[in-house]
Amino acid sequence: MPVHSGELRLSTAGNGDVVDLTDGVESIVVASAVQHGAVSVFVPGSTAAITLMEYEPGGVQDLGATLDRLVPQQGDYEHNRLNHDSNSHAHIRAAIMGPSETIPFDRGRLRTGTWQQVVLIDFDDRPRERTVSVQVLS
Amino acid sequence: MPVHSGELRLSTAGNGDVVDLTDGVESIVVASAVQHGAVSVFVPGSTAAITLMEYEPGGVQDLGATLDRLVPQQGDYEHNRLNHDSNSHAHIRAAIMGPSETIPFDRGRLRTGTWQQVVLIDFDDRPRERTVSVQVLS
Amino acid sequence: MPVHSGELRLSTAGNGDVVDLTDGVESIVVASAVQHGAVSVFVPGSTAAITLMEYEPGGVQDLGATLDRLVPQQGDYEHNRLNHDSNSHAHIRAAIMGPSETIPFDRGRLRTGTWQQVVLIDFDDRPRERTVSVQVLS
């Protein structure tokens, strides 16, 4: 029986670093040998998010600048006070954007748009090691 | 073997146009003949999102006005500058809201609330043709 | 055949009340006897959302304060005017955050982070009874 799930291990720079997962997700879909279905991509941890976007420098910069404006790193944050921490903004952004997306595929190819990539965004305020879970569903 | 997936093709006006997909999604669930499971709804393209909301004129207007305020169409956007484009706000909104939702169903009926519809929101700044992927999972 | 879905019934205080669903979701996964897969968690209703976050008082307070600032309860809302209602802010927040997340599991355990819980956030402006749908997918 083929394995229907996999993990992507990666290092991020934190601070809103955006990592393109598309090839990694697609390789797990191909290895599953499932022809048609959907693949669920999930990041463990409460300071990172999964979404899809056009992975190009301008869009990455604009999304980061927008989140810096809407949910600033500096603020009167209770999480930071209670836990002697500094990443409350990362928790808030991750909770709003969410840690999972589910993407259809057909014959091993994600049915995404041409300019649409699966990305991890790491909002934490330091470099992190992340392990993304990829689950093939059919 | 019944087909377990389908597509919804539609034209949108862009500029935050909200399209109710509920009946289309439910018809694909019925055609699948699967009795119990969940259905994943995904929009290809990086300037549109899938979510659920009460599809009524007031809520549609309020969501649009809120996003216009939080992520304005006009702004100092690097995506627009680098790509001679005008829809960076659409990319940002789509990335924050996300392109997929997964909805349970039972005997062909979505288990949504009475005043809760599955919608596509097209944030692009021009009319678009969209093809939404619907994948039945059990 | 084991049942592959379940419901979590709960009372919320509304007004941004955050309820930890992790144990309830995990108990439905265990009861399904499915060893590996993903579980989809969905809230019916257009004034509540499902996400994951570190469920601790500081983070809960900071997320609430951020949403109060970005999408205020008081505002010039058409939904409230048209429907003689008072919860347009709740609809907007729920639509942005979304009603579903899909989470991988392995041998009955959610593959979430150590400080990452599955939560329902009830944005409505009054106490509510909620029934969350949990669907096990493999």
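A crossing of two helices is left-handed if the near helix is turned anticlockwise from the far one by less than a right angle, and right-handed if clockwise. In this predicted model, where local features need pLDDT of at least 70, side-chain atom pairs count only at pLDDT 80 or more, and totals for chains, interfaces and linings use all residues, α4(A) passes α2(C) in a right-handed crossing. Residues are numbered from 1 along each chain as its sequence is written, and chains are lettered from A and ligands numbered from 1 in the order in which they are written.

**The helix pair**

α4(A) spans residues 88-97. Helices here are DSSP runs (H or I, at least four residues), and strands are runs of E of at least two, numbered from the N terminus. The axes of α4(A) and α2(C) lie 10 Å apart, at an angle of about 65 degrees. Axes are lines fitted to C-alpha atoms, for helices over the stretch in contact, and angles run from 0 to 180 degrees between N-to-C directions. α4(A) is therefore roughly perpendicular to α2(C) (65 to 115 degrees; under 35 is roughly parallel, over 145 roughly antiparallel, the rest oblique).

| Helix | Residues in the contact |
|---|---|
| α4(A) | S88(A), H91(A), I92(A), A95(A) |
| α2(C) | G59(C), D62(C), L63(C), T66(C) |

Contact means C-beta atoms, placed from the backbone, within 7 Å.

**The wider interface**

Chain C brings 27 residues and chain A 26. α2(C) gives the most to the chain C side, with eight residues. Only 15% of the interface residues of chain C are also interface residues in chain A, so the copies meet through different surfaces.

Technical notes:
Contact = placed C-beta atoms within 7 Å.
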